[in-house]
Amino acid sequence: MESPALPGFQENALKAFAPQRAVREGQVEIIIYGVTNSVSLALMAIGFSLTFGISGLPNFAHGAFYLLGGILTWVFMNQLGLPYLVSALLSVLLIGALGFFLYWGLMLRLRGLAINEVIATLAVAIVIIEVLRWMGFSGFSYVLPPFVRGSLNIGGVWVDIQRLLLVGIGALLVVLLYLFTRRTRTGFSFRAIAQNERTAIAVGIDPDWTAALSLAMGSALAVVAGLTILPLGAIDTEMGYDILLYALAVGIIGGLESIPGAVLGSFILGFSQVLVATFLRAQWQTVVTLAAIVLILAVKPSGILGKYKELEERV
Amino acid sequence: MSQEVLLKVQKLTKVFGGIMAVCDLELEVRRGEFLGIIGPNGSGKTTLINLITGFVKPTSGKVLYRGQDITGKQPYRIACLGIARTFQMARTLQRLPAFKNIIVPLCSPRVTKFRGGKYGERDDVAIDILDDLGFERDSFVPYKMAGSLPHGYLKRLDLARCIALRPDLLILDELFSGMAMSEVAATLPMLEKFHREGLTIIMVEHRLRELFRVADRVMVMNFGQKIADGSPQEVMEQEQVQRAYLGTEVED
Amino acid sequence: MPEGGKYRKERLDRGIKARSDTLYVLASWKDLCYLLLPRVVPLGLLFILPVVLHGSYWEKVLFYSCIFGLLSLSWDLMAAVGLVSLGQALFFGAGAYMAGALNHYLGWPIFLSIPAGTLGGAAFCTILLVLVVRLRGVYFSIVTLILPLLFAHLIETLEILEGTHGLLSLSPYPSGWLAIYLAIVGLVVVLFGFRKLLDEDFGMILRGIKDDDRVIMAAGVNVYWYKAQAIFLAGAVGSFAGALMTHYYQFVGRSVLALDYTILPLAAVVMGGTGSFAGAVLGSFILVPLSEALRAMGGLRMALYGLILISALAALPEGIFHYLERKYHQFERMVKI
C-alpha cells in the first residue's frame with residue numbers, strides 16, 4: 001500500500017530528520033514519532049559519544065562526516081553507477097579511514113589541549129561543509145534510497161518501514177556499542193584513555209592507536225546513521241552543523257561518558273522536539289535544543305546521568 | 001597556647017564513587033597549636049585538607065573556623081578568612097617569575113585590607129618574603145621562571161605564597177617530601193619561628209622524625225578515619241598506629 | 001647544512017640592545033630606532049591610509065579590517081585568561097543590536113547609541129557567560145558556540161527586534177572620516193591598552209588563572225571575579241565593533257550573529273599568534289583584505305578560513321607575530337657541537 005507523501009517538509013526543513021508534526025495530536029502518533037525521532041537522535045549521537053564521551057576526543061567534524069558519507073554514497077551510486085550496497089560500504093570504510101587519518105595527521109599534534117582539538121575538528125568540519133555547499137549538494141535530487149520501501153499501519157498511523165527499521169537498527173547498534181565498551185578489550189582501552197591516559201599507557205595500552213581507532217569508529221558510525229536516516233528526506237549541507245548540535249545536545253543532556261546517558265538524552269530531546277513541533281511552531285525545535293544545551297551546562301553540567309565530571313569542573 | 005578553638009571539624013565525610021575517603025572525622029585545633037597529621041598513603045589526609053580549604057565539597061559534616069561555618073565555601077574565600085594551604089605537588093605559576101608568584105596573594109582582598117604597616121610596594125615585599133625563605137635576594141633566583149626552579153625551591157615558593165597571605169592557620173601538605181636533608185634543616189627553623197610568632201600550623205607529613213620535633217600534638221589517620229590523637233609519644237605507642245604503619249604479625 | 005660533524009641551531013639575541021624586565025637601556029640612536037620603528041611605522045601607516053585610500057573600495061576594507069581587528073583582540077583577551085571563545089559573534093551581535101535598537105526604537109543619536117551599545121552589549125554578554133564560567137574549558141567553549149545560534153533563532157521565532165527583516169534605516173555617520181578614524185583610534189587604544197593591562201598586576205593574575213587557577217584560589221584571589229572582568233572587557237570591545245558596524249551599514253539583522261564573525265577572528269588570531277594582541281591585529285589585517293580579494297569565491301571563503309586555522313594550528317602554532325618577533329630580536333646560526 002502506498003504511504004502518504006513524506007511528511008516533514010516545512011519551509012526550511014529539507015532536513016531529513018525533521019520530527020513530524022502529529023497532525024491529529026493523537027497519542028499514538030506522538031509516541032511513534034517520539035520513538036523514531038529519539039532513536040534517530042541516538043543514532044546520530046552515539047558516534048560522537050563514543051569518541052568524545054568515552055575516548056575523550058572531541059570530533060566536531062562528526063556532522064560533516066555524516067553529511068559527507070551520505071553525499072559520497074550518492075556520488076558513487078549516481079555518478080559512478082555502483083550498486084547501493086557497494087556504495088554504502090565504501091562510504092563507511094572511506095570515512096572511517098578519514099577519521100583514522102585525521103587523528104594521525106592532525107589531532108596527534110594537538111593532543112593534550114582539548115580546546116585545540118575542538119577548534120581543529122571544527123575547522124575541518126567547516127572546510128568539508130562549505131566545500132560541499134559550494135559544490136551544490138543540496139536539494140530534492142539528492143536522495144538516498146531507503147533499505148526497504150513501503151509503510152505499515154500501526155495503531156491507525158502510517159509509518160514508513162524505513163523508520164521502523166531505523167528504530168531496530170538504532171537499538172541494535174546501541175546495545176552492541178554498550179557491550180563493546182564494557183566487554184571487549186578495545187572498548188576498555190577506549191575508556192581507559194579518556195579517564196587517565198598515563199595509567200593507560202602504563203598498563204600497555206597504545207594511546208595513539210586506541211584514539212585513532214575510536215575516531216575511526218565514531219566516524220563510521222556517523223555514516224551508518226546517515227545511511228539509515230537520510231533516505232527519509234533529502235540531503236542538505238546545513239545538516240553538517242545541525243547533526244553536530246544534536247549530537248552535542250544529546251550527549252550533554254544525558255551525560256557524555258556513558259551509552260545509557262546518550263540513550264536517555266536522545267529520548268528526552270526526541271520527545272521534547274516532537275511535542276514542541278506538534279503543539280507549538282516547528283521553528284521552536286531548534287530553540288529548544290539549543291536552550292537545553294545551555295541550561296543543562298549551567299545547572300548540571302555533567303548531564304543527568306553523569307557523575308564523573310563533577311570532580312573536575314569545579315575549577 | 002590559648003583555649004580558643006580555631007578550627008573545628010564535625011563528622012566530616014567524603015565519598016568518591018564507592019570509596020569513603022574521609023569517614024566521620026572529628027577534629028579540634030586550638031589557636032597557637034602545632035598539629036601533625038600522619039598516616040599511611042591513601043588514608044585521606046590530602047582529602048581532609050581539600051575539604052577544610054574548600055577545594056572539595058564534603059558529602060556530609062561541617063567545618064567551623066572561629067565559630068563560623070565554612071563548609072563547602074569557595075577556596076578563595078576560605079583563604080581570605082585566614083587559612084592558607086600548600087599543595088602536595090608544589091603547585092606554582094610556572095610561567096611567571098618566582099617573585100610574581102608571591103605578588104598574587106598580595107593582591108588578594110585579605111592583604112590589601114591591611115594596607116599600611118609593612119605592605120608598601122608589592123615587588124619589594126615579595127622579594128622580602130622570598131628572602132626570608134631562602135631565595136637569596138641578590139641572586140637571580142627570585143627572578144627565574146617558577147617552572148625552571150628545582151623541586152626544593154618550588155616547595156618553599158609554595159610556602160612563601162601562604163606566608164604572603166598573612167594567615168592565621170597554615171596547613172602544609174607533605175611540605176618536606178622530595179626535599180633534601182639540608183633544605184629540610186633550613187626550613188624547619190622557619191616553621192618554628194612562625195609558630196613562636198603565633199601562627200597555628202597543621203602539618204601533614206611522612207617524615208616523622210622532623211615532625212615530632214616540632215609538633216605539640218599528632219593525629220593519626222587510616223582509611224579515612226582518625227585512629228589516634230595525642231602527643232607524639234602517646235600516639236606512637238598505640239597498637240593501632242603501629243599496625244597501620246607496620247602491619248600485623250602473621251600467626252604461625 | 002655544513003658538511004662533517006654535528007651541528008646544532010643556536011639562537012642569540014641581537015647585540016643591538018640591552019633588556020631587562022622593565023627597563024630598556026638605550027645606548028645610541030640605533031637602539032632607539034630599533035625599539036621604536038616596529039611600533040611607530042605601522043601606526044603611522046595606519047593613520048595615513050584612510051587619506052590615501054579615500055573614496056576607494058579599499059577604504060571599506062580598511063574599516064572592516066579594524067572591525068575584525070577589534071573582534072580578534074576581544075578573543076585574545078579572553079584566551080589570555082584561559083577562556084577560549086567559539087562565539088565571538090555573540091559580543092558582536094549584542095553590541096550591534098543594542099546600538100541599532102537604541103537608535104531605531106528610542107531615536108538615540110550615534111554618539112549615544114555607540115557607547116551605550118558597547119556597554120549594554122558587554123553587560124548582556126557578561127551576565128550570560130558568568131553563569132557558565134565555572135565550567136571546564138571545552139564546555140565553556142561549547143556554550144559560547146551555541147549562544148549566538150540560540151539568539152539568532154530566538155530573534156527569528158519570537159519575531160523580536162524585527163525578526164528576520166532586521167532593523168533598517170539606522171542613522172549614518174555624520175562623516176565618513178569619523179567612521180574610519182573612530183575604528184582606527186579604537187583599535188589602537190584597545191591594542192595598546194590590552195598590552196599594558198597584561199603587564200600590570202591585573203594581567204599577571206589573568207595569566208596566572210590560565211596557568212593554574214587552583215593556586216590563584218589558594219592565594220585568596222577570586223578567580224571568577226577576574227574572569228568576569230575579562231569577559232566584560234572583551235565583551236565591550238566586541239560590542240564596540242558591532243555598534244560601529246551597525247551604523248556603517250545603517251542596518252542590523254540576524255547576520256551579525258553568524259559564524260563568520262566567530263571564525264574569521266579565530267583564524268586571524270591563531271594565524272597571527274595568540275597571546276600577543278599585535279598578532280591578532282596582524283592576522284586580521286592579512287585575512288580581511290585577502291577575504292575581500294577573494295570575494296568571487298563566495299561561501300568557499302569560510303572553507304579557506306578553516307584551512308588557515310588548521311594549517312596554523314598544525315604548522316606554526318606560535319603564530320606569525322611571534323615568529324617575526326623572534327626573528328627580529330634573535331638570529332640563528334649553526335654551531336658545531
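Chain B falls into two domains: domain 1 covers 1-82 + 170-179 + 200-245, and domain 2 covers 92-166. The model is a predicted one. Taken over C-alpha atoms, the centres of domain 1 and domain 2 of chain B are separated by 26 Å. Where these domains of chain B touch, 6 residues come from domain 1 and 9 residues from domain 2. On the domain 1 side of that contact, 5 residues are nonpolar, 1 is polar and none is charged.

Next comes a sheet in chain B. It is an open sheet of 6 strands with mixed pairing, and its order is β6-β7-β8-β3-β9-β10. Strands β6 (83-85) and β10 (225-230) of chain B are at the edges; each has a single partner strand, so one side of each has no neighbour in the sheet. On average, neighbouring strands of this sheet are turned by 15° against each other, with direction ignored.

One pairing within chain B can be followed to the residue. Strand β3 (residues 34-38) and strand β9 (residues 217-222) of chain B run parallel and are joined by 4 bridges. B:I37 stands opposite B:M219, which lies in β9(B).

Chain B also touches chain C. This contact takes 23 residues from chain B and 17 residues from chain C. On the chain B side, the elements giving two or more residues are α2 (75-81), α3 (98-106) and α4 (109-112) of chain B. The chain B side of the contact with chain C comprises 13 nonpolar, 3 polar and 7 charged residues.

How values were computed. Residues numbered from 1 in each chain as written. Chains lettered and ligands numbered in written order. Predicted model: local features only at pLDDT ≥ 70, side-chain atom pairs only at ≥ 80, totals over all residues. Contact = placed C-beta atoms within 7 Å. Nonpolar A, V, L, I, M, F, W, Y, C, P; charged D, E, K, R; others polar. Domains from an automatic or database assignment. Pairing = 2+ DSSP bridges. Axes fitted to C-alpha atoms, helices over the stretch in contact; angles between N-to-C directions.
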